[in-house]
Amino acid sequence: MRVAMIGSGYVGLVSGACFADFGHRVTCVDKDAAKIARLHEGEIPIFEPDLDRLVAVNVREKRLDFTTDLQGPVAEADAVFIAVGTPSRRGDGHADLSYVHMAAREIAAAVSSFTVVVTKSTVPVGTGDEVERIIAETRPDADVAVVSNPEFLREGAAIQDFKHPDRIVVGTGDERAKKVMTELYRPLYLNQAPMLFTTRRTAELIKYAANAFLATKITFINEIADLCEKVGADVQQVARGIGLDNRIGSKFLHAGPGYGGSCFPKDTLALIKTAQDAEAPLRIVEAVVAANDTRKRGMARKVAAALGGTLRGTTIAVLGLTFKPNTDDMREAPSIPLITALTDMGARVRAYDPVGMDQAKEVLGGIEFAEGPYACAEGADALVIVTEWEQFRALDFERLRGVMKRPVLVDLRNVYRPEEIEGFTYHGIGRPAHGAS
Ligand SMILES: NC(=O)c1ccc[n+]([C@@H]2O[C@H](COP(=O)([O-])OP(=O)(O)OC[C@H]3O[C@@H](n4cnc5c(N)ncnc54)[C@H](O)[C@@H]3O)[C@@H](O)[C@H]2O)c1
């Protein structure tokens, strides 16, 4: 099949490369000329494990190419995917659909014969209807079926997730479109990945409901962690104790500094707005968003408490800036409000991240950046682990003690067992502090 992927970001590039790897002929389109130029040079504009190899193989086999010009690839495509951004709209939190609408207009102008237009971007219920309307208005003669096919991949494990999905959701009532979608996903379908055909509106809502539920699970365990700290219980054991119940499940029960990233914050907000407009408010999700927002900044108070209540005049070493490991994505990373609050409270911040430093420098002003964890810790009053990169799981604490001013570890991801860290005072999330006098 011939595929045009509109938008070559985290989702578009990974999906495009994976579809090419399935044997389809894919062109990834992006308006960002610098991004396309880098891809032509064989460079991958984002950090995603194994993506460089997958792209290189499929470019070499002539199944994958890149362009800024949508016209040709769309005219030839059996399926055109919309994988552009849907950030929060400034002011009200609704999803900003301007990129989706713009893509729909451009696609409409370019389609030739029957084409399936697939929305892969996360979009509010009813967006498919609007895309259909825009296409019909721009090109009344166009023969298209507009399908919803939300994406569930996680950054950092995106290729694995795309190729081994828990399910593929396809929202359409059009039989021709169903055939094309089944053909596109054939290798996964043959591999027993459940393919769920629903109405378009249902498919659109499934994506938001999934993200809101996961955000709720994280926020639930975070609040339980706060309670653990007050009553002298251990959240790790509570999480294990409830997670072993199959009805609950152990995933997404890791207490931490609050969820961030390119999806949960904006998707929970957009879902709340949709629900309010539909007069079916989602009060649980509203509470989740509020609890998560206050939590991120609250982490700075935790650091202050570990240092006796005040941060003025201290140096804080921050390890990990991206919103999770194995990505360079800084969108809505918990490190941002944390560092802002630390500096507001008078601390000097020095930070290190294995991959996300360039992106971090664009969003974090007024702090120092170090070349590695030990340089970061030099002269620091406390070391704060914010993102659980693999390389922070086996730090040399003797060396750290040698370079730090005070041996204080604030482990916002519960990477370490408190009793393992000799000579440090240890402050995790949802468990008793250790070694504190
Ligand atoms: N990042 C994730 O982990 C993830 C997971 C599942 C779903 N999603 C959803 O997928 C969508 C895309 O997310 P992303 O993280 O890949 O975004 P991104 O910002 O990384 O990429 C979007 C790309 O689209 C391009 N673009 C915008 N308008 C265009 C147009 N008219 N023509 C061509 N290119 C255009 C932009 O230049 C950008 O490169 C969002 O709706 C998001 O919610 C993201």
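Visitor: Which helices each supply at least two residues of the lining of the second largest pocket?

Guide: This is a predicted model: local features need pLDDT of at least 70, side-chain atom pairs count only at pLDDT 80 or more, and totals for chains, interfaces and linings use all residues. Residues are numbered from 1 along each chain as its sequence is written; side-chain values use heavy atoms, without hydrogens and water. Helices (H or I, at least four residues) and strands (E, at least two) are DSSP runs, numbered from the N terminus. At least two lining residues each come from helix H10 (200–231) and helix H13 (283–306).

Visitor: How much space lies in the second largest pocket?

Guide: On a 1 Å grid over the protein atoms alone, a pocket is an open set of points with protein on both sides within 12 Å along at least five of seven lines; a cavity is a set where a 1.4 Å probe fits but cannot get out; lining residues have an atom within 4 Å of a point. Points are joined across faces, edges and corners, and a volume is the space filled by probe spheres set on them. For the second largest pocket, that space is about 260 Å³.

Visitor: How many charged residues are in the lining of the second largest pocket?

Guide: There are 14 lining residues, with Asp226, Glu229, Arg295, Gly298 and Met299 nearest the centre. H13 gives the largest share, seven residues. Asp, Glu, Lys and Arg count as charged; Ala, Val, Leu, Ile, Met, Phe, Trp, Tyr, Cys and Pro as nonpolar; the others, Gly among them, as polar. By class the lining has three nonpolar, four polar and, for charged, seven.

Visitor: Which helix gives the most to the shell around the ligand?

Guide: The ligand has 26 residues around it (a heavy atom within 4 Å), with Asp30, Lys35, Thr86, Glu155 and Lys266 coming nearest. They divide into nine nonpolar, seven polar and ten charged. Helix H1 (10–21) and helix H5 (98–110) each supply at least two. The most, three residues, come from H5.

Visitor: How far is a polar backbone atom of Lys31 from a nitrogen atom of the ligand?

Guide: Polar contacts here are pairs of N or O atoms within 3.5 Å. Ligand oxygen atoms lie 2.6 Å from a polar side-chain atom of Asp30 and 2.6 Å from an N or O atom in the side chain of Thr86. For the Lys31 backbone atom and the ligand nitrogen, the distance is 3.3 Å.

Visitor: What is the volume of the largest cavity?

Guide: The count is one cavity of 30 Å³ or more. Among the residues that line the largest cavity are Thr119, Val123, Glu204 and Lys207. Its lining has two nonpolar, four polar and two charged residues. The volume is about 30 Å³.

Visitor: Which residue in S12 is the bridge partner of Ile316?

Guide: Strands pair if DSSP finds at least two bridges between them. An open sheet of six strands, paired in parallel, runs S11-S10-S9-S12-S13-S14. Four bridges join strand S9 (residues 315–319) to strand S12 (residues 382–385). Within S12, the partner of Ile316 is Ala382.

Conventions: Polar contact = N/O pair within 3.5 Å; in protein donor to acceptor, adjacent residues only side chain to side chain.
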